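Subject: Structure for your review

Dear colleague,

Please find below the structure that I am handing over to you. I would be grateful if you would read the notes that follow with the structure open beside them.

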Amino acid sequence: MSVMRFDPFGDPFRSLDRLTSQMMSGTRTPMGMPMDVWQAEDGYHVALDLPGVHPDSVEITTERNMLTIRAERRAEYEQGANVLLAERPQGRFTRQLQVGDALDTARVSATYGDGVLLLTIPLSEQAQPRRIEVQHGGRQQQLSVSGEDGPQSEQTTNRGEEQNS
């Protein structure tokens, strides 16, 4: 007996690919790790769904600009058991993220709870906003450089006025 679950909002091609690979190999193939990524002031945050994965099986490595997450979910039943229905994917899961030079992969932090792996990837020192001094003739002008949406402030001082006071 074969039971197939219908998901009206799912990707039919992904389901077809998974079904085809299961039929060819005779086993259930692991699905990808669904994730959310967002940017905050302190860097980027990544949340990956890993339900049923033991935290000891999670491995996170960085090499150059590549962040690799590996995890494994083992079946609860033993080999040779009379399995009536097995819908939960098992095996090794791998996800690779290519990150830019603006991120500090040496300071990535990870927490795991309630089946969700949360990564925090901070911005590198070179990517942090900084103050740049602009000089022009007799006037000195300081500009505050900030992010795309942040405010820019400007302070101007006239060197001739400061000397006459």
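Two strands are said to pair if DSSP finds at least two bridges between them. Strands of a sheet pair through backbone hydrogen bonds, either parallel or antiparallel. Please keep in mind throughout that this is a predicted model.

The four-stranded sheet

With that definition in hand, 4 strands form an open sheet, in the order E1-E2-E7-E6, and their pairing is antiparallel. Strand E1 (35-40) and strand E6 (109-113) stand at the edges; each has a single partner strand, so one side of each is left without a neighbour in the sheet. From one strand to the next, the twist averages 15 degrees.

The sheet can be followed pair by pair. E1 is joined to strand E2 (residues 43-49) by 6 bridges, and the two run antiparallel. Within this pair, Gln39 has Tyr44 in E2 as its bridge partner. E2 is joined in turn to E7 by 7 bridges, again running antiparallel, and here Gly43 has Pro122 in E7 as its bridge partner. Finally, E6 and E7 pair in the antiparallel sense over 5 bridges, with Leu118 in E7 as the bridge partner of Thr111. E6 and E7 form a hairpin with 2 residues between the strands, and in this hairpin Asp114 takes a positive phi near 55 degrees.

How many residues of strand E7 are buried? Of the 7 residues of strand E7 (residues 116-122), 5 are buried, so this strand is largely enclosed by the rest of the structure.

The three-stranded sheet

A further open sheet is formed by 3 strands in the order E3-E4-E5, with antiparallel pairing. Its edge strands are E3 and strand E5 (91-98), each of which pairs on one side only. Neighbouring strands of this sheet are turned by 15 degrees against each other on average, direction ignored. E4 and E5 pair in the antiparallel sense over 8 bridges, and Thr94 in E5 is the bridge partner of Arg70.

Salt bridges

Side chains of opposite charge can pair when their charged atoms come close. The structure holds 4 salt bridges.

One of them involves Arg70, which forms a salt bridge with Glu59, the closest N and O atoms being 3.8 Å apart. Arg70 lies in strand E4 (residues 66-73) and Glu59 lies in strand E3 (residues 59-63), so the pair ties together parts that are 11 residues apart in sequence. Arg70 is partly exposed, with a relative accessible area of 27%, and Glu59 also counts as partly exposed, at 37% relative accessibility.

Glu72 and Arg74 meet through their side chains in another salt bridge, at 3.5 Å from N to O. Which of these two residues is exposed, and which is partly exposed? Glu72 counts as partly exposed because its relative accessibility is 22%, whereas Arg74, at 61%, counts as exposed. Salt bridges that share partners join Glu72, Arg74 and Arg92 into one network.

The side chains of Arg107 and Asp104 also meet in a salt bridge, at 2.7 Å from N to O. Arg107 counts as partly exposed, at 46% relative accessibility.

With kind regards

Technical notes: Residues numbered from 1 in each chain as written. Predicted model: local features only at pLDDT ≥ 70, side-chain atom pairs only at ≥ 80, totals over all residues. Heavy atoms only, no water. Buried < 20%, exposed > 50% of the residue type's maximum accessible area, 1.4 Å probe, protein only. Axes fitted to C-alpha atoms, helices over the stretch in contact; angles between N-to-C directions.
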